[in-house]
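Take a moment with the sequence and the model. The paragraphs below lead through them step by step.

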Amino acid sequence: MTLDFLADATGIAEQVINWRRDLHQHPELAFNEIRTATIVAEELRQLGLEVATGIGKTGVVGILSGASDGPTVMVRFDMDALPIKEISPAPYVSQTPGVMHACGHDGHTAIGLAVAHLLSPHRSRMQGQVKFVFQPAEETSNGAYAMIEDGVLENPRPDVALGLHLWATAPLGQVGVAPGAIMAGADIFEIVIRGKGGHGALPHETRDPLLAATQVVNALQSIVSRNVNPLDSAVLSVTSFEAASAFNIIPSEARLKGTIRTYANDVHEIARSRLHEVSTGIATAMGCEAEVMCTRLTPPLVNDPDVIPVVLRAIAPYIEPNRILPDLKTTGAEDMAIFLEHIPGCFLLVGAGFTDGRAIYPHHHPQFDFDESALPLGAAMLASAVAAYVIPG
Ligand SMILES: [Zn+2]
Ligand SMILES: [Zn+2]
């Protein structure tokens with residue numbers, strides 16, 4: 001029996017789009033995905049999956065068991081929205097003030113339900129099981145950790161983990177399937193520079209932390225340009241500079257915040273250690289002291305080289321070879337990376353950009369939207385990749 005998941009997905013496309021639009025109208029922030037999780041759990045139960053809720057606070061896990069033993073394939077979907085006020089003429093605009101699905105996670109949740117619908121009719125032929133993981137709080141980078149703490153990677157432990165992100169800046173019909181690190185590891189940092197405040201007219205009696213902080217901002221730009229190997233890549237952005245407060249007061253403290261993005265551990269180590277050295281060295285030279293705090297949010301997202309060929313074979317019937325992008329990468333971060341640190345897997349970037357002339361806005365923009373035709377295509381590709389592991393050909 002030949003499986004045509006794209007035909008099956010197209011058959012339920014209207015339902016999938018309805019799920020997405022309903023979720024889009026009712027977005028929920030990290031760890032508050034209560035309505036969303038209720039809908040997900042109910043749909044999975046109706047399909048006969050064994051469902052557990054409250055995993056990682058608001059996460060949902062559904063197990064689709066086959067008729068006989070075999071590998072466990074995890075498929076992961078994120079459910080949370082962002083604190084953004086949506087600007088949209090669409091009839092499905094957010095009904096929750098100041099909250100918006102501006103990253104496409106409404107689409108991911110709808111795709112997850114579609115994959116369950118596509119695979120559940122085949123359970124009698126299935127050798128192994130599918131673990132559906134609907135994750136909270138991706139945007140705050142702690143939902144995956146919360147689910148792992150609650151045991152999502154055990155009983156059963158997945159042998160492989162698959163997932164996807166709708167990608168509005170790639171046109172509909174293109175798919176990124178790249179080996180290695182495709183999304184960056186992300187650190188956040190904060191630097192507090194302390195000096196001695198005083199009168200703005202008497203700078204010689206102060207140790208000015210504001211002036212020191214401006215030198216630190218400049219010098220930090222030398223890390224990527226002068227410390228990181230030019231053949232590697234990294235980002236270091238200072239995104240916040242605070243120092244109070246009046247025209248005639250030299251403050252006693254200045255505060256910088258920012259982020260580091262890297263794809264490899266050695267580059268990450270260089271950037272982190274130089275962040276400390278540059279900040280403390282410059283502050284000292286300027287008569288101040290710097291306290292540097294740097295926290296890793298997520299590791300790089302690394303696709304497993306053994307899983308990639310299986311996925312490529314599985315999606316081949318649904319996408320032309322020249323529409324597969326083997327080097328689509330981004331300096332954005334994704335906490336799917338945390339699951340992929342433990343379980344080999346593959347994360348697809350599914351092109352969802354409008355191709356009919358409608359404006360394309362980036363993820364996290366108040367006018368973000370995507371082409372919903374990507375929903376059945378994404379579901380078909382993912383279902384086919386799962387089937388490659390658990391449904392004998
Ligand atoms: Zn996002
Ligand atoms: Zn996202």
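What follows is a short tour of the sheet, the cores, the metal site and a few ring contacts.

The model is predicted. Begin with the sheet. It is open and has 8 strands, in the order β1-β2-β4-β3-β5-β16-β6-β15. The pairing is mixed. β1 (50-55) and β15 (324-325) stand at the edges. Each has a single partner strand, so one side of each is left without a neighbour in the sheet. Strands of a sheet pair through backbone hydrogen bonds, either parallel or antiparallel. β5 and β16 (residues 345-353) take the parallel sense, over 8 bridges. Within this pair, Trp167 has Gly351 of β16 as its bridge partner.

The largest nonpolar core has 69 residues. Leu119, Phe132 and Leu162 have the most contacts inside it. Helix α10 (residues 374-390) gives the most to this core, with 12 residues. Go back to Phe132 for a closer look. Leaving aside residues up to four places away in sequence, Phe132 touches a list of residues including Leu49, Val75, Phe77, Val115 and Leu119.

Next comes the metal site. Which protein residues are the donors of the zinc ion (ligand 2)? They are Cys103 (SG), His105 (NE2) and His165 (NE2), lying 2.1 to 2.4 Å from the ion. Along the chain, these donors follow the spacing C-x1-H-x59-H. Cys103 also bridges two metals: the zinc ion (ligand 2) and the zinc ion (ligand 1), which lie 3.1 Å apart. Cys103 lies in the loop between β3 (68-78) and α4 (105-119), while His165 lies in strand β5 (residues 160-171), so the pair ties together parts that are 62 residues apart in sequence. Are these two residues buried or exposed? Cys103 has 8% relative accessibility, so it counts as buried. His165 has 3%, so it is buried too.

Last, look at the rings. How many aromatic pairs does a search of the whole structure find? It finds 2. The rings of Phe368 and Phe370 have their centres 6.2 Å apart. Their planes are at 50 degrees, so the pair is tilted. Phe368 counts as buried, at 2% relative accessibility. Phe370 is buried, with a relative accessible area of 2%. The charged end of Lys57 sits over the ring of Phe31, 4.6 Å from its centre.

Terms used
Residues numbered from 1 in each chain as written. Chains lettered and ligands numbered in written order. Predicted model: local features only at pLDDT ≥ 70, side-chain atom pairs only at ≥ 80, totals over all residues. Heavy atoms only, no water. Phe/Tyr/Trp six-rings, centres within 6.5 Å; stacked < 30°, edge-to-face > 60°. Buried < 20%, exposed > 50% of the residue type's maximum accessible area, 1.4 Å probe, protein only. Lys NZ or Arg CZ within 6 Å of the ring centre and 35° of its normal. Donors = N, O, S within 2.8 Å, 3.2 Å for Na, K, Ca; no water. Helix = DSSP H or I, 4+ residues; strand = E, 2+ residues; numbered from the N terminus. Core = buried A, V, L, I, M, F, W, Y, C linked by side-chain atoms within 4.5 Å. Contact = heavy atoms within 4.5 Å. Pairing = 2+ DSSP bridges.
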